[in-house]
Amino acid sequence: MMFTPKLYLRFASAIIPVLLSACSTYRDIPSNSPVDAVYAKMGPPSYQCKTKDGVQRLIWTQQPNGQYAYATNVSSTGHIDKVVSILNEDYFRQLDKGTWTQQDVVCMFGPPAETGRIGWGEKNELIWTYRYKQSNYWNNLMYVYFGRYGEAVTHYHSGPDPRYERDRFFIFGD
């Protein structure tokens, strides 16, 4: 079979819409879209919950190994407010305001990548970690501490993700 300019044009007109639809992201979903439109573009959420205000929240997360998560709130009419990226420094700063329980944190950021405990004796605390890309470049973890009894967030901080530290310091291999 010989490829002629006409055949190339046919092929291009068939493949370009497919490629363009694959390039759409959460940013392409306008505010006040019906929730079905969000499902059509992003698939089913990996986590959903009710906020303190009783609003349904949908989260698409790549945790435990990925570094991105997106969320939106659904109104009582079945429309979304806006799909936003939620694993970033600005979004984590919301933890500075008010009291945050474990349920509040998981409903805001989705399930963590890891949970565990750190410290000895009186300083032993429950800790959750979230993998994320700081400034869309640095491979980081956000550490969220819940105190000894896990009642509420006591503090949080970020640091480099150790999974990538070997690559950073050992550039010449083994």
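Helices (H or I, at least four residues) and strands (E, at least two) are DSSP runs, numbered from the N terminus. This is a predicted model: local features need pLDDT of at least 70, side-chain atom pairs count only at pLDDT 80 or more, and totals for chains, interfaces and linings use all residues. Residues are numbered from 1 along each chain as its sequence is written, and side-chain values use heavy atoms, with hydrogens and water left out.

**Whole chain**

Start with the protein chain in cartoon view. Five helices and eight strands make it up. Along the sequence they follow the pattern α-α-β-β-β-β-α-α-β-β-β-β-α. Switch to a surface. The chain exposes about 11200 Å², and carbon and sulfur atoms supply 58% of that area (Shrake-Rupley method, 1.4 Å probe; for residues, only the protein chains shown count as cover). Now consider contacts (heavy atoms within 4.5 Å). Among those between residues at least 6 apart in sequence, 38% join residues at least 24 apart.

**The four-stranded sheet**

Select β1 to β4. These four strands form an open sheet in the order β1-β2-β3-β4, with antiparallel pairing (two strands pair if DSSP finds at least two bridges between them). β1 and β4 stand at the edges with a single partner strand each, so one side of each has no neighbour in the sheet.

Step across the sheet, strand by strand:

- β1 to β2: four bridges, antiparallel. Pick C49; its bridge partner in β2 is R57.
- β2 to β3: six bridges, antiparallel. Pick Q56; its bridge partner in β3 is V74.
- β3 to β4 (residues 84-85): two bridges, antiparallel. Pick A71; its bridge partner in β4 is V84.

Stay on β3, residues 69-74. Why is this strand largely enclosed by the rest of the structure? Six of its six residues are buried, so the rest of the structure largely encloses it. Show the side chains. A69, A71 and N73 point one way, while Y70, T72 and V74 point the other way. All of them are buried.

Next, go to the loop between β2 and β3, where P64 sits. The peptide bond from Q63 to P64 is cis, with omega near 15 degrees.

**The disulfide**

Select C49 and C107. They form a disulfide (a pair of cysteine sulfur atoms within 2.5 Å), with the sulfur atoms 1.9 Å apart. The pair links distant parts of the chain: C49 lies in strand β1 (residues 47-50) and C107 in helix α4 (residues 102-109), 58 residues apart. The link is right-handed, with 95 degrees about the S-S bond. A search of the whole structure finds one disulfide.

Follow C107 into α4. The helix is mostly covered, with six of its eight residues buried. The buried residues are D104, V105, V106, C107, M108 and F109. What covers them includes β1, β2 (56-61), α3 (89-92) and β6.

Now zoom in on the largest pocket. It holds about 260 Å³ of space. The lining has 13 residues, of which T51, K52, W100, D104 and M108 lie nearest the pocket centre. Which helix gives the most to this lining? α4 does, with four residues. The pocket search runs on a 1 Å grid over the protein atoms alone: a cavity is a set of points where a 1.4 Å probe fits but cannot get out, and a pocket is an open set with protein on both sides within 12 Å along at least five of seven lines; lining residues have an atom within 4 Å of a point. Grid points are joined across faces, edges and corners, and a volume is the space filled by probe spheres set on the points.

**The β5-β6 hairpin**

Select β5 (residues 114-118) and β6 (residues 125-134). Five bridges join these antiparallel strands. I118 has E125 as its bridge partner in β6. Six residues lie between the two strands of this hairpin. In the turn, G119 has a positive phi of about 95 degrees.

**Two asparagines**

Finish with two loop residues. N32 lies between α1 (5-22) and α2 (35-42). Its phi is near 70 degrees, a positive value in a residue other than glycine. N32 is exposed, with a relative accessible area of 55%. N136 is in the loop between β6 and β7 (138-145). N136 has a positive phi of about 55 degrees although it is not a glycine. At 58% relative accessibility, N136 counts as exposed.

How values were computed
Buried means under 20% relative accessible area, exposed over 50%, partly exposed in between (1.4 Å probe, protein chains only).
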